[in-house]
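Please work through each task before reading its solution.

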Amino acid sequence: MGFASDAIRNIAVTGHGATGKTSLVEQMLAFGGAIPKAETVDTGRTVSDFTEEEINRKISIHLSLSHLEWQGCKLNLLDCPGSSDFAGELVAGIRAAESALILVAADSGVQIGTVQTWRRLKDRAPRLVFVNKMDKEHADFFKSLDNLKENFQAAFVPLVLPIGAGTGFKGVVDLIAQKAYLAPEAGQKAVPSDIPAELQEQAREYRQALIEAAAEGDDALMEKYFESETLSDEEIRQGLAKGLAAGKTVPVLCGSALQASGLTSLLAAIVFACPSPVGREEPLAASNGKEAASRVIDPQGPPSCFVFKTSIDQFSGKLSFVKVVSGTIKGDTELVAARDKRKEKLNKIYTCLGKKLEDTEELPAGDIGILTKLPTASTNDSLIAPELDLSYQPLRLPQPVHAVAISANAKKDEDKLNQLLQRAAEEDLTFRIAYNQETKENVISGMGELHLDIILDKIRSQAKIEMQTRTPRVAYRETIRAPAAAEYQHKKQTGGHGQYAKVALEIKPLARGEHFSFVNAIVGGRISRGYIPGVEKGVVEGMESGIMAGYPVVDLEASVVDGKEHPVDSSELAFKLAARGALKAAMEKADPVLLEPIMNLTVYVDNQYLGDVLSDLSSRRGKVLGQEPAGTIQVVKAQVPQAELLRYSIDLRSMTSGTASFEVEFSHYNPITGKVAEAVVAASKARKEEQQD
Ligand SMILES: Nc1nc2c(ncn2[C@@H]2O[C@H](COP(=O)(O)OP(=O)(O)OP(=O)(O)O)[C@@H](O)[C@H]2O)c(=O)[nH]1
Ligand SMILES: [Mg+2]
């Protein structure tokens, strides 16, 4: 209880799916005495994977927090899911941690998820690698090490060497302690022993490399090393810590989570090499408009924290996971939400071991904990002392890559379904729900098919609602390619108070993305000032549905140049209708065209599937912009029409046996003509007829 800020280490445990992150966290917790015994993912009783969906699927879906004490330090472990379907949780985990432990499976080396994690870590530099699963057939520590060097620009430095591999794996040699730690019997601690004779030469060689790497971390150590050609163990640790904090050195360890092997060296490395939160920078939101872009984590000063995750617990209600940036947070600390200065009443403060909440008195700067039942706080909120005026940068979450249209089978369930989807979106910011006004569909989107399936399964089982999903429609647009002019007269003057207005419009194309502008070019009072807003409204309403396929019209300038009014029968409504008619007539003559959304696509793919992925992209009317080899993995950048990507997450999976992954974001709208455009027009016509039936 009561760790000072500089005795805290926050570690995001990351890596490709199924590399053993959850298993390793479990073993570390047991090794450090935080739990009596390590369970396995297969029994569904681990600390980290505790939700029903995780237990059923035997994968991590949510970021989970646990902690242990080691050599006087509090280690907060953030177990991040490996699948790219839950990349949002990884982003949150990385944000809350000062360093990342990247797991690589010794039998597979660097995988797609390793590359993606590495990229996401770019601005949170310090990282360690643990080569796990050394007990597996084909496990090869040195091959994995070469693989890392091939893929990433960094100084990888082994801190341990494996003793054997595969079924012959016995444990590790710790190159700093110069001891062997053999895999312990179940439930036992690893006892240090002498380095086996056959490994002594290799250990000497690697220790020398380790000393050199440590010396490079610090000028004074470098000098000392030149003089005496060696460093003390303590100096090695200091040098590595400096190199790691600067993001230059990446210590590499190995072991087996299954056999609880390699943990002594790993935990020691976390304590001596990973930076404490104190003095690390927490980025500020751009909207602060202040000179500083960040604030250093500091136990002094008024308290503040950042909510990096929100979840709903069956018993405790809303849980807000916070990272304390300054001061100390206690039960009676006064905090307001930076967003609206509304007071947040704190209740109890907790730390946790997975689902198990543990009371705590206070959270000092740098620590991670849970605030419960905050009335309005949500993920990305900054909670600050009332005298502060700042907010922290929101999470840089990835854009959804997969969308489906959804509706409840029974009309009576529609509202309930919407409510539950909204709630899911509050908990998980990479899941979104939106009603698409243009296509008249409820569309949910997320990070992949699995992501959406899991959310829908939960709703199906808990609320007993049956639903249907469909491929969503694309939001096409219409625009013009030439200037044109037309006039239109709206007239209904049969008895009584009539309607009269006449409007002459000139329209011309604007640059892509400029949307709309309206010019009043009336001279000599041909239309009274008071009616001009009616004309503009008519144009805006007319642009809501174009003349080709009924999609919204964009990138057009309309000038009202002439018109006529009647002393009694004219009204704003009459001018609105006349303007709408004039717009349609002008568009007919202005070389109209359909626009389709084009997406920026980044695909991470193994070399062996590169050819398939590229030829598939060209069949999707995609344009490959570049290709970056990163060792055995290629990063392909392309622009592809959205209409061709509606099932990409499913197709890419089957094309690459589930190994590839992609990111996608909207880029721009592009004109379509010929067969592609004809198909869009035909589909829209068919839909209209169907609606009329
Ligand atoms: N042989 C062997 N199997 C391991 C080892 N570590 C984990 N596993 C197994 O690998 C599988 C995946 O382990 P997890 O701990 O769930 O892996 P993870 O990285 O947390 O997976 P995600 O969170 O879903 O990405 C399980 O069946 C584990 O029992 C290891 O060191 N050796
Ligand atoms: Mg896991």
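**Exercise 1: Cavities**

Under the rule given here, the model has 4 cavities of 30 Å³ or more. A cavity is a set of points on a 1 Å grid over the protein atoms alone where a 1.4 Å probe fits but cannot get out, and lining residues have an atom within 4 Å of a point. Grid points are joined across faces, edges and corners, and a volume is the space filled by probe spheres set on the points. This is a predicted model in which local features need pLDDT of at least 70, side-chain atom pairs count only at pLDDT 80 or more, and totals for chains, interfaces and linings use all residues. Residues are numbered from 1 along each chain as its sequence is written.

*Task.* Describe the largest cavity and its lining.

*Solution.* 
1. The largest cavity holds about 110 Å³ of space.
2. Its lining has 13 residues, and G88, E89, T379, E427 and L429 are the closest to the centre.
3. Two or more lining residues come from each of α3 (87-96) and β14 (304-313); helices (H or I, at least four residues) and strands (E, at least two) are DSSP runs, numbered from the N terminus.
4. By class, this lining divides into 5 nonpolar, 4 polar and 4 charged residues. Ala, Val, Leu, Ile, Met, Phe, Trp, Tyr, Cys and Pro count as nonpolar, Asp, Glu, Lys and Arg as charged, and the others, Gly among them, as polar.

*Task.* Which element gives the largest share of the lining of the second largest cavity?

*Solution.* 
1. The second largest cavity contains about 90 Å³ of space.
2. Among its lining residues are G15, P81, L90, Q116 and R120.
3. Both α3 and α4 (112-120) supply at least two residues of this lining.
4. The largest share, 4 residues, is that of α4.
5. The classes in this lining are 3 nonpolar, 7 polar and 1 charged.

**Exercise 2: The sheet**

*Task.* In what order do the 4 strands of the open sheet lie?

*Solution.* 
1. The order is β25-β26-β24-β27, with antiparallel pairing; two strands pair if DSSP finds at least two bridges between them.
2. The edges are β25 (432-436) and β27 (467-470), each of which pairs on one side only.
3. From one strand to the next, the twist averages 35°. Axes are lines fitted to C-alpha atoms, for helices over the stretch in contact, and angles run from 0 to 180 degrees between N-to-C directions.
4. β24 (residues 402-408) pairs with β27 over 4 bridges in the antiparallel sense, and A408 stands opposite M467 in β27.

Definitions and conventions. Chains are lettered from A and ligands numbered from 1 in the order in which they are written. Side-chain values use heavy atoms; hydrogens and water are left out. On a 1 Å grid over the protein atoms alone, a cavity is a set of points where a 1.4 Å probe fits but cannot get out, and a pocket is an open set with protein on both sides within 12 Å along at least five of seven lines; lining residues have an atom within 4 Å of a point.
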